[in-house]
Amino acid sequence: MIRNVVGSDLSEIVDIENLSFSVPWPRFIFKSHLGSPGFVLYEQDGVIKGYVIVDIIDSRVHLGSIAVHPKYLRCGIGTKLLDWCIDFGKMYGASTITLEVREKNRNVQMFYLKLDFQRCYQKQYCAAI
Ligand SMILES: CC(C)(COP(=O)(O)OP(=O)(O)OC[C@H]1O[C@@H](n2cnc3c(N)ncnc32)[C@H](O)[C@@H]1OP(=O)(O)O)[C@@H](O)C(=O)NCCC(=O)NCCS
């Protein structure tokens, strides 16, 4: 299930972050997003397997960060989280979703392209929702 992140989830979220990025966001950034409706996690059998942070800015969904625990990659969890972001955006009347991917991060680019995103500008990818 996908649900909002609460304070007691933070350690597991930070673990996923540290395992997923060479320059991970520090804990205080996640803490500052607590209570935001766009900060959600994917949980299965009591295990937190991934998270996403999105904001709505000028009728756009902006995806700030998404990560799936390395043990559970390629199981469809990233797709479920992204679908949630799209539904979230529609609920707030957004018409596009945007995000940034590092130029060298080809695997992640493949993920977004598979999900019908297009490269719009340099590192930025977007899709109509
Ligand atoms: C990007 C990320 C969230 C995708 O999560 P995921 O749960 O593994 O993605 P899914 O299982 O839903 O993948 C859906 C499709 O995307 C494509 N895809 C996903 N990961 C891929 C990879 N490493 N290489 C090539 N294609 C990939 C595939 O087409 C896949 O479908 P398939 O498995 O049936 O072939 C995950 O790779 C991740 O956490 N990466 C590290 C953190 C990161 O870089 N986040 C993005 C910052 S912008």
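Let me start with the ligand. Helix α4 gives the largest share of the shell around the ligand, namely five residues. Keep in mind that this is a predicted model.

In total, 20 residues surround the ligand. The closest are Leu73, Gly78, Thr79, Asn107 and Met110. Three elements supply at least two shell residues each: β4, residues 60-68, α3, residues 77-91, and α4, residues 106-114. By type, the shell divides into twelve nonpolar, six polar and two charged residues.

Next, the sheet. What is the order of the strands in it? The order is β1-β2-β3-β4-β5-β7-β6, in an open sheet of seven strands with mixed pairing. At the edges are β1, residues 2-4, and β6, residues 118-121, and each of these pairs on one side only. On average, neighbouring strands are turned by 35° against each other, if direction is ignored.

Look at the β6 end for a moment. β6 and β7, residues 124-128, run antiparallel and are joined by three bridges.

Last, the core. The largest nonpolar core has 30 residues. Those with the most contacts inside this core are Tyr51, Val52, Val54, Val61, Leu63, Leu81 and Cys85. Several elements supply at least two core residues each, including α1, β3, β4 and α4. Which residues does Leu63 touch, leaving out those up to four places away in sequence? Leu63 touches Val52, Val54, Cys85, Ile97 and Leu99.

Conventions:
Residues numbered from 1 in each chain as written. Predicted model: local features only at pLDDT ≥ 70, side-chain atom pairs only at ≥ 80, totals over all residues. Near = placed C-beta within 6 Å. Helix = DSSP H or I, 4+ residues; strand = E, 2+ residues; numbered from the N terminus. Nonpolar A, V, L, I, M, F, W, Y, C, P; charged D, E, K, R; others polar. Core = buried A, V, L, I, M, F, W, Y, C linked by C-beta atoms within 7 Å. Buried ≥ 20, exposed ≤ 12 C-beta atoms within 10 Å, placed from the backbone. Contact = placed C-beta atoms within 7 Å. Pairing = 2+ DSSP bridges. Axes fitted to C-alpha atoms, helices over the stretch in contact; angles between N-to-C directions.
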